[in-house]
Amino acid sequence: MDNIEKLNEVLKESNDTVFFGGAGVSTESGIPDFRGESGLFSVAFDYPPETVLSHRFFTKRPEVFWEFYFQRMVYTDAKPNQAHLKLAEMEKAGKLSAVITQNIDGLHQAAGSRIVFELHGSIHRNYCMECGKFFPLEYIYKFKNTTRKPVCDECGGIIKPDVVLYQEPLDQILFSNAVKKVEEAEVLMVGGTSLNVYPAAGLLRHFNGDHLILINKSSTRYDANADIVIHGKIGEILSQVDI
Ligand code: NAD
């Protein structure tokens, strides 16, 4: 039996599968990851992504932050790929109880997934740091290629994307709820993540279920702990799942 057949068998028998993913889930939609072979860590920019996407840079060097953010983190034309679509289909069929993602691109919801834990927030939500008013991506996108930074149309306060920057904590209630989903799962399917970013990657330690599945282009430090390891493109692999 090959690994795809094993994957299908495990998913067919499970009544509670949880998916946990990262930037690799969206590379087939044209959004670069960080640590993959053509990821943002390999692209020349004046500062490394972890520096620019930090709370300190957002407050001290907003012009550099916004230039990087609009150029490298926001892809308005990106569409869900076969991985997002299959996961949404699995949820609809009652085969998937949650998607937990480190991504901020909103493509799981665009594909139709409803139970999505966005551990690192979303580019689609932005809020005024003064009055708390929320703004969609379209509002702040108007500031792209200008020298102005996004400000609130009510009070003139600075707008921040509702994404978790380096040096910022995760939403603890959201994270606890994601931990609970992982603790209760029979099957944990992990994909498109280097499992290098904590505390998100620490979710795997909470899994007590029957089968851990890892789907990633490259190997990860958790490969030895998994029951099924498939190295390849997650969209191509999940498109072979029969539900
Ligand atoms: P990462 O860049 O550290 O790792 C991505 C992993 O996915 C790599 O191991 C790579 O080999 C693998 N990969 C790439 N394409 C793949 C594919 N088609 N199929 C299977 N595997 C594939 O990503 P991470 O672990 O999610 O951590 C990066 C952080 O950056 C996260 O916190 C995330 O919020 C953020 N980020 C998000 C986006 C997005 O929202 N789409 C994009 C870039 C970075």
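Student: How much area is buried between domain 1 and domain 2?

Tutor: The size of an interface is often given as the accessible area lost when the parts come together. Here that is about 750 Å², with 55% from carbon and sulfur atoms. Buried area is the accessible area (1.4 Å probe) that two parts lose on being put together, summed over both. In domain 1, Ile104, Glu118 and His120 lose the most area to domain 2, together 42% of what that side buries.

Student: What model am I reading?

Tutor: This is a predicted model: local features need pLDDT of at least 70, side-chain atom pairs need 80 or more, and totals for chains, interfaces and linings use all residues. Residues are numbered from 1 along each chain as its sequence is written, and side-chain values use heavy atoms, without hydrogens or water.

Student: Which residues make up domain 1 and domain 2?

Tutor: Domain bounds come from an automatic or database domain assignment. Domain 1 is 1-31 + 79-120 + 169-243; domain 2 is 33-74 + 124-163. The contact (heavy atoms within 4.5 Å) takes 13 residues from domain 1 and eight from domain 2.

Student: How many salt bridges does the rule find across the interface of domain 1 and domain 2?

Tutor: A salt bridge is a side-chain nitrogen of Lys or Arg within 4 Å of a carboxyl oxygen of Asp or Glu. The rule finds one across this interface. Arg125 and Glu118 meet in a salt bridge at 3.0 Å, N to O.
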